[in-house]
Amino acid sequence: MPLGMAKSEADKLVLQQQQWISRTLMRMQQQAPVVEEALPANIELLAIGEKIQVVYVENRKEALIWKQEVLQLSICSDEVAVPELLRYWLKIYAKEYLPDLLKKTAADMRIDYRAVSVRLQKSRWGSCSMRGNISLNAKLLLLPPEVVRYVLVHELAHLKHMNHSAAFWHYVEKFEPDYREKRSELRRLSMGLPVWVHG
Ligand SMILES: [Zn+2]
């Protein structure tokens, strides 16, 4: 409202322009790019070469239905809750794959770990405790297999060297000769993850 305008005048104007206002509001909502990005049509799981279709449905009892045989997620929810539902699903799905990938990589390296857990950390791709527990980020499913392997080798290498010393990197290099490129690729890809994964 411009300074010095009486409220009654403003009310009159709003009434007069009511149609234009609601039309414009509707158009703005349709065009809003943030809403579109928060509601992805597909989820690419590069790590396992799968593309998941996401369909948005109305009036269902369950907020999320996962059909693995057709790789399809049906979501019935308001836009605000969708990213949270997608993250919840990603974590469950990652638990099916990441522990196996770790097991295979550990066998390649002939190294033993104690246990593995899959979480949705904000900033770390993985971690390794002194006791030999490895924690992996569910978001790894979104990265290409060679980058995922680098992360797994990195965490497993911490079982030998609990630091980032020259000896640690030398050990990593034995299994990942291109670890430098993979590491910068990981940094680059971290910036371009879909909006919904950031909780
Ligand atoms: Zn490390």
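Tutor: Let us begin with exposure: a residue is buried under 20% relative accessible area, exposed over 50%, and partly exposed in between (1.4 Å probe, protein chains only). Please note that this is a predicted model, in which local features need pLDDT of at least 70, side-chain atom pairs count only at pLDDT 80 or more, and totals for chains, interfaces and linings use all residues. Residues are numbered from 1 along each chain as its sequence is written, and side-chain values use heavy atoms, with hydrogens and water left out.

Student: How is Glu185 then classed, and what is its relative accessible area?

Tutor: Glu185 has a relative accessible area of 27% and is therefore partly exposed. Its side chain meets that of Arg188 in a salt bridge (3.1 Å, N to O); the term denotes a side-chain nitrogen of Lys or Arg within 4 Å of a carboxyl oxygen of Asp or Glu. Arg188, at 51%, counts as exposed.

Student: By what part of a helix are Glu185 and Arg188 separated?

Tutor: Helices (H or I, at least four residues) and strands (E, at least two) are DSSP runs, numbered from the N terminus. Because Glu185 and Arg188 are three residues apart in helix H7, about one helical turn separates them.

Student: How many salt bridges does a search of the whole structure find?

Tutor: The search finds six. One of them joins the side chains of Glu176 and Arg149 at 2.7 Å, N to O. This pair links distant parts of the chain, with Glu176 in the loop between H6 and H7 and Arg149 in helix H5, 27 residues apart. Glu176 is buried, since its relative accessibility is 4%, whereas Arg149 is partly exposed at 24%. Both belong to a network of salt bridges that also links Asp108 and Lys182.

Student: What is the distance between the closest N and O atoms of Arg180 and Glu173?

Tutor: Those atoms are 3.9 Å apart, and the two residues form a salt bridge. Arg180 is partly exposed at 46% relative accessibility, and Glu173 is likewise partly exposed, at 31%.

Student: Which residues have the most contacts inside the largest nonpolar core?

Tutor: A nonpolar core is a set of buried Ala, Val, Leu, Ile, Met, Phe, Trp, Tyr and Cys residues joined through side-chain atoms within 4.5 Å. The largest one here has 48 residues, and Ile43, Leu45 and Trp89 have the most contacts inside it. Elements that each supply at least two of its residues include strand S1 (42-45), strand S2 (50-56) and helix H4 (82-109). The largest share, 11 residues, comes from H4.

Student: Which residues are the protein donors of the zinc ion?

Tutor: Donors are N, O and S atoms within 2.8 Å of the metal (3.2 Å for Na, K and Ca); water is not among the atoms, so sites may look incomplete. For the zinc ion, the protein donors are His154 (NE2), His158 (NE2) and His164 (NE2), lying 2.0 to 2.1 Å from it. Their spacing in sequence is H-x3-H-x5-H. His158 counts as buried because its relative accessible area is 8%.

Student: How far apart do the C-alpha centres of domain 1 and domain 2 lie?

Tutor: Domain bounds come from an automatic or database domain assignment. For the protein chain, this assignment gives domain 1 (1-31) and domain 2 (87-197). Their C-alpha centres lie 53 Å apart.
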